[in-house]
Amino acid sequence: MFRTFRNRLLFWFLVFISFSIVIIGLSYTHIKKREHILQRTEAIEQSYIMLLKSVKAQQDFFSYATKDQHFFRTGDSKYLDIYLKLLDSTRSHLMQIDFEKEKVLSGSIDTIKMDITEIDAVFLELIEQIQARGYKNYNLEGSMRKDAHWLEKAKEIPAADILTLRRYEKDYIIRNERSYVTRFNRRITTIRKKIEQNNRISKTRKDNIIFYLKGYENKFAQLVELDQRIGIKDNSGLKQKLEDRITICEAGFSDVVLKSEEWAQEEFRGLTIYFSVIAVLLMIVSIWISSLIASKITKPLTDLTLHITRFVDSNFTLETEHPVARTKDEIGSLTRNFSFLKDEVISRLKFFKQKVDERTAELATANKRLLRLSEANSRFVPQEFLQNLGRKSIEDVELGDQVEREMTVIFSDIREFTKLSELLSPQENFDFINEYLSGIVPIIKRNGGFIDKFIGDSVMALFPKSPDTAIQTIFEFEDFLESFNKKLKASNRRPIEIGTGVHTGSLILGTIGHDQRLETTVISDAVNTSSRVEGLTKYYRAKTICTEATLVKLKNKEAFNYRFLDKVQVKGKSKTLSVYEFLSPKETRKLGYLDDYNKGVNFIKEENVTEGIKLFSELHNLYPEDMAVKIFLDRCRNYIEKKASSWDEITQMVNK
């Protein structure tokens with residue numbers, strides 16, 4: 001039966017399965033016993049929690065329902081419903097607890113059940129007394145107030161006496177002090193004597209008044225008696241009794257929880273010892289069986305393993321050594337098969353290595369082509385555009401992809417490029433623009449921006465971060481223009497100037513087109529506004545103009561010099577824009593009189609015509625080329641000559 005390794009292994013496998021079944025059965029029994037123990041302890045804890053919650057519901061009832069007219073009108077309260085549900089849950093959890101063998105715990109739980117019953121009885125009695133007492137216009141207090149309102153209308157009783165009675169009544173209800181009861185009784189006795197001694201009142205009327213006085217007095221006395229019996233305000237009477245029962249019950253519960261935890265620990269300790277002994281015995285038997293099996297199969301398998309290890313370490317190239325088949329069972333057959341497999345592997349690996357080398361060369365060539373293609377694609381679709389769309393590569397871009405972002409848009413344009421291009425051949429035009437853009441683009445990228453598109457000699461760039469970087473980029477353009485214009489002068493060409501418009505706002509980056517032809521673009525009113533603002537640079541003879549939307553977004557305004565230009569209504573816009581000219585450190589001429597200029601603007605804002613026209617006249621005489629100075633001077637004169645209706649004169653830009 002045990003001549004083959006298969007049969008021997010099957011036998012030992014069955015032995016192990018038997019041990020495993022025993023262990024599983026023991027584990028299952030252990031788990032069930034633990035669960036049974038935990039269920040009882042958890043039931044105690046849950047019932048304790050439910051009791052505490054029901055006590056909280058009682059407190060909520062005293063705090064809110066006793067002042068809720070709906071309760072006194074209908075007898076219903078959500079706090080009572082909550083209390084009853086929690087109390088039922090407490091009793092339900094206690095019913096699940098079975099400590100028949102633990103007499104001490106069983107007796108304590110029975111005591112708790114009785115305490116809960118007493119708590120419920122006292123609480124229900126409290127509810128009945130509270131409802132009988134009433135609140136405001138309901139029950140006893142409501143009836144008492146009706147008598148008081150009748151007496152207030154009785155003209156035979158001085159209003160001051162009734163007001164005094166009502167004040168004593170309210171002071172008692174608020175402060176719950178016996179002194180107000182005594183004052184109330186004295187005052188009502190005095191009023192009754194006055195009525196009895198007043199001969200001008202008919203006997204029938206007198207009896208009627210005294211009837212309501214006695215009713216008011218008796219109901220007030222009943223109210224006082226009920227308050228003392230209830231004891232909510234001074235924590236006496238039934239309220240004190242309720243709290244005492246709750247305290248006793250909570251103490252009993254705490255004791256039961258501690259005892260149940262100690263009982264559970266003892267039970268767990270006993271279970272652990274019992275199952276540990278069984279587990280150790282099974283482990284000893286398993287080790288003995290494992291050693292016996294190992295002694296039978298270790299030697300041939302060890303030899304085979306060593307040879308396999310040497311074969312693997314040689315990168316499957318070891319051809320000189322072969323494992324020796326020492327037995328005729330399955331292990332011997334495995335050894336012989338491995339020898340055959342080893343030879344086959346070596347032969348196949350030689351063949352595969354040749355094919356892999358050929359394929360590797362092909363893949364390397366294809367990878368180089370892919371890298372060149374990826375670099376080419378990034379020239380047409382900026383990587384920053386893909387990042388904002390949440391795409392890793394251009395392959396992931398689909399028609400309709402779009403995302404909304406707040407960015408700063410700059411439009412930069414070469415002044416009078418049309419005249420310049422007329423003097424150049426087509427090839428010279430392309431060379432000129434490419435040389436110019438080769439200097440501008442790196443500055444934009446270095447400051448965190450990226451190019452959206454080139455429109456002839458114009459550049460549209462986006463800055464996802466703060467507008468400060470966009471302004472700094474424009475100032476760095478001037479450093480490049482200095483060196484670029486030197487080259488133009490050296491080749492007898494006219495130097496160039498650029499105008500730049502800046503606006504900050506929300507825009508949508510996305511893809512438009514067709515399934516077979518896509519284009520990335522930016523759609524936004526902010527883009528159009530930036531383009532229109534760039535057109536203003538020609539009118540105001542300024543290098544850089546920004547909107548107020550950009551100005552307010554600057555993180556470090558103090559780092560820049562700027563001045564207010566105008567409120568304009570650009571083409572295609574119904575609303576006006578406040579625009580500002582930003583001055584680079586190289587514009588020393590305008591910086592020299594910037595303070596006087598700003599002072600003149602403040603005169604205009606304050607409608608100080610005389611000082612404004614005087615200051616701007618001086619600046620215009622000194623700097624006649626400054627278009628902004630001329631505009632403010634003309635507006636001052638127009639206002640004086642009554643050619644303008646107000647200071648809010650709007651410059652409407654008909655052209656771009």
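This is a predicted model: local features need pLDDT of at least 70, side-chain atom pairs count only at pLDDT 80 or more; totals for chains, interfaces and linings use all residues.
Is Arg 187 buried, partly exposed or exposed? With a relative accessible area of 27%, Arg 187 is partly exposed.

Side chains of opposite charge can pair when their charged atoms come close. In this structure there are 30 salt bridges. Arg 187 makes one of them with Asp 161, and their closest N and O atoms are 3.4 Å apart. That pair links distant parts of the chain: Arg 187 sits in helix α7 (residues 178-197) and Asp 161 in helix α6 (residues 159-175), 26 residues apart. Asp 161 counts as buried, at 8% relative accessibility.

Now hop over to Asp 227, which forms a salt bridge with Arg 133; here the closest N and O atoms are 2.5 Å apart. Asp 227 belongs to helix α8 (residues 203-230) and Arg 133 to helix α4 (residues 103-133), so this pair ties together parts that are 94 residues apart in sequence. Asp 227 counts as buried at 9% relative accessibility, and Arg 133 counts as buried at 9% too.

Glu 141 is found in helix α5 (residues 139-153) and is buried, with a relative accessible area of 2%. Leaving aside residues up to four places away in sequence, Glu 141 touches Arg 133, Gly 134, Tyr 135, Lys 136, Ile 173 and Leu 223.

Last stop: helix α9 (residues 237-313), where Lys 239 and Glu 243 lie four residues apart, about one turn of the helix. Their side chains meet in a salt bridge (2.4 Å, N to O). Lys 239 is buried at 6%, whereas Glu 243 is partly exposed at 24%.

Methods. Residues are numbered from 1 along each chain as its sequence is written. Side-chain values use heavy atoms; hydrogens and water are left out. Helices (H or I, at least four residues) and strands (E, at least two) are DSSP runs, numbered from the N terminus. Buried means under 20% relative accessible area, exposed over 50%, partly exposed in between (1.4 Å probe, protein chains only). Contact means heavy atoms within 4.5 Å. A salt bridge is a side-chain nitrogen of Lys or Arg within 4 Å of a carboxyl oxygen of Asp or Glu.
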